[in-house]
Number of protein chains: 2
Amino acid sequence: MKVFRNIGELTRFLGEERFEAAVREGKKIKTGFVPTMGYLHEGHASLLRRARGENDLVVLSIFVNPIQFGPNEDFERYPRNEKQDLALAEREGVDAVFLPSVEEMYPKPTRTKIKVEGLTDTLCGASRPGHFDGVTTVVGKLLHIVQPDRAYFGQKDAQQAAVVAQMVEDLNFPVRIVPCPIIRENDGLALSSRNVYLSPEERRAALVLSKSLLKLQAEVEAGERKTAAEAQRAIVLAIEAEPLASIDYVEIVRFPSLEPLEGGADLGETAEREGVLVALAVKFGKTRLIDNVIFMNKGEQNV
Amino acid sequence: MKVFRNIGELTRFLGEERFEAAVREGKKIKTGFVPTMGYLHEGHASLLRRARGENDLVVLSIFVNPIQFGPNEDFERYPRNEKQDLALAEREGVDAVFLPSVEEMYPKPTRTKIKVEGLTDTLCGASRPGHFDGVTTVVGKLLHIVQPDRAYFGQKDAQQAAVVAQMVEDLNFPVRIVPCPIIRENDGLALSSRNVYLSPEERRAALVLSKSLLKLQAEVEAGERKTAAEAQRAIVLAIEAEPLASIDYVEIVRFPSLEPLEGGADLGETAEREGVLVALAVKFGKTRLIDNVIFMNKGEQNV
């Protein structure tokens, strides 16, 4: 496994690998890319495994991207553990890890931003203004550097995956975005690098998120009729019953368009025609967690 | 010469050409790209010739991009002549022409825009709000489709070339932007597809632009001391003496940053340290023309 901190060295390596494969083996090799902010967990590992299974070359990037954090957010204290990350990458058979510094990615403050409209003014976009511009801009940069055939995104950040897919479609990026299912702890908590912030009490309290979401999922899958408004209300009530939880949002929207779903729409029925995203963001102390379930008729994008 | 109207067919062709060259000749081929809005003239031909001289594959795109035109601008009446354009492309040895429809480029209205800040709020950006967002967005799309090694831009649109170069640098597009000198008629008029709009009287009147700019250039190159304010005033006076001309702007700025230059700065002295752009936009009847001279110490970017 090779580790690169310099853009030029990474692109030279990738260019050589691709060219050599063409010349020596008469083969067009496929590159799978997993962009992350590091502090890797089993959710990231699942993306790497999928990338490993589908591609000849697997590239992982680890970069805590300052421009997607708001001024009062956790950029400085975002957890980092390079050694542990490299060990996980090695175990998952990654070929190249890209570990740039902030100066390498932003030698001067960027004057250019990629902005996706519509999908970014709801859910996390409403609570974190400018966040998704930072995400799409850095993903655009990384896609230009790595030039992958496929890029893998976890569905825990369902809005992020939808926004990136919209960017790729609108701007004709030559890459396929592959959304991958949420990975959960045995007790249901969605894996997140930010879980490390939680105190033991908060960690216990946070189970209300997955419990209420997975309960709804089970009910809808069992054929119970439920409107979007009823479902939303039930989740809000369950979370409000937890004293340590403070709701940022609980919303039910169409997926992947993220357009509003009328309160009276039947969840099961709607999900037979189109995707439905039930998404929430809830704070436990200073820690903001997100989680979701996606109902999809087609098997393509699993929850 | 191959002509493509479909994105998928073009990208398959380019992919095959590159792959075949690697497999058969053990060679990494270079692609030169000239993006245009068509109605090609000798200015475009000069870009194609430069591209032909420097690359293995030359791709020309012809696309009148609706999203870079304002609501009261000339999108509908922008001149088009596909047959003449293809003949010129053939003469210049182009390998592939990309001629997409608006529906091919924008099957749905784009929700994604690439925006460059700072460089776009001055000069033409001040008179044409949103114009450069449309330019950078379509250039981003075209770069993703064609994936060239080099892309060629005429310096008549000096601000456009600077904005695109900034985008490429900020977003790590794997391409080199090659700025190319303005091509002029024998009497000095800068070549432009929009010259076709001019009546014979307007055509004669429009010579005041190149005359005043080239006079300034000759004076500065002859070592005459002139401040930015004096130079700007002299050009404004010359144009105001022409009854058919109506000034949009005459400005002197640093290049390529497009940052303001103090009125008291000596042009010749400044140009020894950094680039200086003298740019103007002037209307003759309904036709808005632009022209400029660039003073550069280094020979890299000629005027």
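1. Salt bridges between the chains. Six salt bridges cross the interface of chain A and chain B. Keep in mind that this is a predicted model. One of the cross-chain pairs is A:Glu16 with B:Lys28, whose closest N and O atoms are 3.2 Å apart. Over all chains, the structure holds 44 salt bridges. The A:Glu16 pair crosses between chains: A:Glu16 sits in helix 1 of chain A, while B:Lys28 lies in the loop between helix 1 (7–25) and strand 2 (31–36) of chain B.

2. Polar contacts and the elements behind them. Between chain A and chain B, 21 residue pairs are in polar contact, with both residues at pLDDT 80 or more. Which elements of chain A each supply at least two residues of the side that touches chain B? They are helix 1 (7–25), strand 5 (112–116), helix 6 (131–146) and helix 7 (158–170). Helix 1 of chain A gives the largest share of that side, with six residues. By class, the side of chain A that touches chain B has twelve nonpolar, eleven polar and twelve charged residues.

3. Extent of the chain contact. Chain A brings 35 residues to the contact, and chain B brings 35 residues. The size of an interface is often given as the accessible area lost when the parts come together. For chain A and chain B, the buried area is about 3100 Å². Carbon and sulfur atoms give 52% of that area. Which residues of chain A lose the most area to chain B? They are A:Arg111, A:His144 and A:Leu171. Together, these three account for 24% of what the side of chain A buries.

4. Look next at strand 5 of chain A. This strand pairs with strand 5 (residues 112–116) of chain B. In what sense do the two strands run, parallel or antiparallel? The sense is antiparallel, and the pairing extends over five bridges.

5. Two domains in chain A. Chain A is divided into domain 1 (2–180) and domain 2 (193–299). How many Å separate the centres of the two domains? The separation is 26 Å, taken over C-alpha atoms. In the contact, 21 residues of domain 1 of chain A meet 19 residues of domain 2 of chain A. About 1800 Å² is buried between the two domains of chain A. Carbon and sulfur atoms give 57% of this area. On the domain 1 side, A:Arg77, A:Leu123 and A:Lys156 lose the most area to domain 2 of chain A.

6. Polar links between the domains. The count between domain 1 and domain 2 of chain A is one salt bridge. A:Asp74 and A:Arg194 join their side chains in a salt bridge, at 2.8 Å from N to O. Nine residue pairs are in polar contact between domain 1 and domain 2 of chain A, both residues being at pLDDT 80 or more. Helix 5 (123–127) and helix 7 of chain A each supply at least two residues of the domain 1 side that touches domain 2. The residues of that side divide into nine nonpolar, seven polar and five charged.

7. Backbone points to check by eye. Most residues other than glycine have a negative phi, and most peptide bonds are trans. Where does chain A have a cis peptide bond? This bond joins A:Phe255 and A:Pro256, with omega about 10°. A:Pro256 lies in the loop between strand 8 (245–255) and helix 11 (267–273) of chain A. In chain B, a cis peptide bond joins B:Phe255 and B:Pro256, and omega is about 10° there. B:Pro256 is placed in the loop between strand 8 (245–255) and helix 11 (267–273) of chain B. Now turn to B:Tyr39. Its phi is near 50°, a positive value in a residue other than glycine. B:Tyr39 belongs to the loop between strand 2 and helix 2 (42–54) of chain B.

Notes
Residues numbered from 1 in each chain as written. Chains lettered and ligands numbered in written order. Predicted model: local features only at pLDDT ≥ 70, side-chain atom pairs only at ≥ 80, totals over all residues. Heavy atoms only, no water. Contact = heavy atoms within 4.5 Å. Buried area = accessible area lost by both parts, 1.4 Å probe. Salt bridge = Lys/Arg side-chain N within 4 Å of Asp/Glu carboxyl O. Polar contact = N/O pair within 3.5 Å; in protein donor to acceptor, adjacent residues only side chain to side chain. Helix = DSSP H or I, 4+ residues; strand = E, 2+ residues; numbered from the N terminus. Nonpolar A, V, L, I, M, F, W, Y, C, P; charged D, E, K, R; others polar. Pairing = 2+ DSSP bridges. Domains from an automatic or database assignment.
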